[in-house]
Amino acid sequence: MATKNSSKRKNEILQALALMLEKDPGERITTAKLAKEVGVSEAALYRHFPSKARMFEGLIEFTEEAIFSRMNIIAKEQSDLGTQCQQTLSLILTFASRNPGICRLLTGEALSGEHERLRGRISQLFNRVETQIKQLFRQHEVAVKGKYSPEVGSRANLLVAVVEGRIQQYVRTDFTQSPLASWDNQWQLLSPITGLSS
């Protein structure tokens, strides 16, 4: 029972942190402010997380789980490369639109003055997305016995850069410009990137 309560409290702390990131753009979040938001003492926060960096890592881990578990399902359920890429990018942009506070982590904006390893974690997250998209392109090359030119790395990188840019705009506009705004039309412009004839 204690573990269940501890897990519940951890989730409450992470939800409060995400909400503060959303409500107070540009403001540095202290453990004192976070404790007040959650309604506990700072000592109680540290019983669940040894440091503020670990709290941020908790949000990053939540993001990784949400994105990569679904990306794996898309890769298995869809066989068409265009559909795989479109659904993968839409997944990330939808997650971003629903989690504005976490977007401040994804852009690094909320990590100024925080532990350097947190920036590394965000970089790894986007690198992993790009690697998985590259893998989809490579599987398509094998399936149609063709070769992309420009090569798959350039194509995957461009798709991820567009997603990162949309998230950056969302943060820059204080969450007024949704990362999904005009996305269907923009995907039509991007979709030829996935085309390859046998």
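The tour goes from an annotated span to a helix and then to salt bridges.

This is a predicted model, in which local features need pLDDT of at least 70 and side-chain atom pairs count only at pLDDT 80 or more, while totals for chains, interfaces and linings use all residues. Residues are numbered from 1 along each chain as its sequence is written, and side-chain values use heavy atoms, with hydrogens and water left out.

Select residues 7-67 first, where UniProt, in an unreviewed entry, places "domain: HTH tetR-type", an annotation that may be inferred rather than shown by experiment. The span is 79% helix and 0% strand, and its end C-alpha atoms lie 21 Å apart; helices are DSSP runs (H or I, at least four residues) and strands likewise (E, at least two), numbered from the N terminus.

Next, select helix H2, residues 31-38, whose buried residues are Thr 31, Leu 34, Ala 35 and Val 38 (buried means under 20% relative accessible area, exposed over 50%, partly exposed in between, with a 1.4 Å probe and protein chains only). Seen down the axis of H2, these fall within an arc of 100°, so they line one face of the helix, the arc being that of the directions from the helix axis to the C-beta atoms. Just after H2, Gly 39 takes a positive phi of about 85°.

Now show Glu 61 and Arg 121, which form a salt bridge with closest N and O atoms 3.8 Å apart (a side-chain nitrogen of Lys or Arg within 4 Å of a carboxyl oxygen of Asp or Glu). The pair links distant parts of the chain, with Glu 61 in helix H4 and Arg 121 in helix H7 (residues 116-144), 60 residues apart.
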